[in-house]
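I opened the model today to look through its helices and its pockets. My notes follow in the order I took them.

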Amino acid sequence: MRTGHYALQTKIRLFIDPKAARLEIALLAAAALAEVWLARREAPWPGLIPPGLALLRGLAKIVALYGNGGSAGFTLAAVLLEFALSNVSTLVLLVIYAVCRESSRRKRRRDREKMRLDDLHDL
């Protein structure tokens with residue numbers, strides 16, 4: 001077997017290009033770092049930009065695969081499965097967004113509580 005080929009016990013041959021896989025991982029890591037930075041900002045909308053771009057990328061992938069009817073196995077189940085698989089990165093970025101926003105909310109709440117206690121102490 002050549003590099004990138006993996007035979008499963010079901011006799012399905014799968015080719016994974018190592019260079020493309022490394023690029024995908026690097027892009028996801030960069031998007032995750034950008035997501036953390038943007039989600040921690042005060043305004044909520046900048047953190048939604050990376051997941052939105054990832055969603056558009058997934059939709060573009062679906063249109064490229066099935067848009068012209070170029071696939072022989074065109075079924076709704078195949079399209080939905082491809083959509084779900086191509087948008088895993090979108091879900092990862094949305095989870096990062098939710099976690100960062102929640103931690104920012106907790107921090108702001110804690111700071112307000114400290115300020116209230118300091119104000120009470122000054123009285």
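**Pocket.** I started with the lining of the largest pocket. Helix H1 (18–39), H2, H3 and helix H4 (88–122) each give at least two residues to that lining. This is a predicted model, so I kept the confidence check for the end of the page. I looked up the pocket volume and got about 550 Å³. I then asked which of the 18 lining residues are the closest to the pocket centre. They are Glu24, Arg57, Lys61, Ser86 and Ser89. By class, I noted 12 nonpolar, 2 polar and 4 charged residues in the lining.

**H1 with H2.** Next I took this pair of helices. Their axes lie 9 Å apart, and the packing angle is about 150 degrees. From H1, I listed Glu24, Ala31, Glu35 and Leu38. They meet Pro50, Pro51 and Arg57 of H2.

**H2 with H3.** How do H2 (residues 49–66) and H3 (residues 76–86) cross, and at what angle? I found roughly 145 degrees, with the axes coming within 9 Å. The crossing is right-handed. H2 brings Leu55, Gly58, Leu59, Lys61, Ile62, Leu65 and Tyr66 to the contact. H3 brings Ala78, Val79, Glu82, Phe83 and Ser86. I counted the classes as 8 nonpolar, 2 polar and 2 charged.

**Confidence.** Last, I checked pLDDT. The chain averages 82, and 81% of the residues score at least 70. H1 is highest, at 91, and strand S1 (residues 5–7) is lowest, at a mean of 53. Where pLDDT is low, predicted coordinates should not be read in detail.

Notes:
Residues numbered from 1 in each chain as written. Predicted model: local features only at pLDDT ≥ 70, side-chain atom pairs only at ≥ 80, totals over all residues. Heavy atoms only, no water. Axes fitted to C-alpha atoms, helices over the stretch in contact; angles between N-to-C directions. Helix = DSSP H or I, 4+ residues; strand = E, 2+ residues; numbered from the N terminus. Left-handed = near helix turned anticlockwise from the far one by under 90°. Contact = heavy atoms within 4.5 Å. Nonpolar A, V, L, I, M, F, W, Y, C, P; charged D, E, K, R; others polar. 1 Å grid on protein atoms, 1.4 Å probe; cavity = no way out; pocket = protein on both sides within 12 Å on 5 of 7 lines; lining within 4 Å. Points joined across faces, edges and corners; volume = space filled by probe spheres on them. pLDDT = per-residue confidence, 0-100.
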